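Thanks for coming. I will go through some side-chain pairs and then the packing inside the protein.

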Amino acid sequence: MNKSVVFCGYGSLAIECLKVLIKNGYDIHFILTHKDSSSYTLTDFATENGIQYYYDDMRKNNVFDSNQISVEYIISINYRYILPKKFFDNSKYAINIHGSLLPSYRGRTPHVWSIINGEEYSGVTCHLIDEGIDTGEIIEQVRVKIETSDTGYSLLKKFEEIYPSLLIDSLTKIEAGFVAIKQDSTKASYYGKRIPEMGYIDFYKNKSQIINFVRAQAYPYPGAYYFLNNGKKIIINTIENEYNTNIYIEKIAVITDIGNEYYVRCNDGILKIVDYKII
């Protein structure tokens with residue numbers, strides 16, 4: 001059985017998936033990744049295991065052109081560059097794992113967007129790569145419950161436990177002749193990359209919307225933020241409903257210090273700021 005692989009990935013999710021591929025006898029020809037300032041990176045793992053790696057963007061420099069090889073699989077895990085058709089055509093199967101229940105939440109940081117939007121479930125999808133963005137046929141999916149206590153980071157940690165087994169299960173299905181399922185484009189949604197500046201809180205929204213917005217971006221992510229009356233920036237990691245009817249704030253969207261604790265009135269009630277950092 002041909003188990004040759006070119007692996008495209010980044011971060012801890014990629015490392016864990018690469019480990020399980022090697023454990024299951026897959027032959028890694030080379031790795032495509034990105035430069036990383038983390039304490040332990042995919043390139044560290046590659047070096048330890050004697051695997052060649054590249055930082056090249058295949059849209060500009062196709063490594064296959066110089067290697068003159070083809071492989072059974074190209075596997076993409078948290079890889080940031082779009083893979084061009086001329087690159088993934090060098091494999092029999094090109095697959096990607098995406099952190100949503102496709103066709104919903106195509107694009108970037110879907111786990112954060114799903115919490116912001118108040119979804120009850122997210123999930124992970126293994127799909128074939130085509131020329132679109134997260135549009136390929138679906139091989140396997142796993143649903144994940146979004147708990148009210150989940151943050152963007154905690155949801156991603158749940159995904160980390162799913163990715164390796166989902167990858168092996170998907171490869172097993174392919175090798176058994178499974179026919180992938182076409183995505184229903186009428187149910188598709190797309191979300192773009194989030195940047196720290198997008199964390200500004202709109203306190204004119206409802207309590208549930210604000211709570212979801214804050215927890216989706218909580219530490220160690222950059223965090224949702226607002227400004228105090230003195231102009232200082234407050235980064236908020238946790239905000240919750242305030243049920244004490246004696247707390248009164250007249251104006252919406254003004255963070256108020258009451259008894260050395262911060263409260264804010266929004267569209268449909270009062271919230272208490274529980275975990276925060278003032279800078």
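Lys157 and Glu160 form a salt bridge, with their closest N and O atoms 3.0 Å apart; the term means a side-chain nitrogen of Lys or Arg within 4 Å of a carboxyl oxygen of Asp or Glu. This is a predicted model, where local features need pLDDT of at least 70, side-chain atom pairs count only at pLDDT 80 or more, and totals for chains, interfaces and linings use all residues. Residues are numbered from 1 along each chain as its sequence is written, and side-chain values use heavy atoms, leaving out hydrogens and water.

Lys157 and Glu160 are about one helical turn from each other, because they lie three residues apart in helix α6 (helices are DSSP runs of H or I, at least four residues; strands are runs of E, at least two; both are numbered from the N terminus). Lys157 is partly exposed at 35% relative accessibility, while Glu160 is buried at 19%. Buried is under 20% relative accessible area, exposed over 50%, and partly exposed in between, with a 1.4 Å probe and protein chains only.

By this rule there are seven salt bridges. Another one joins Glu140 and Lys173, at 3.5 Å from N to O. Glu140 sits in strand β8 (residues 138-145) and Lys173 in helix α6, so this pair links distant parts of the chain, 33 residues apart.
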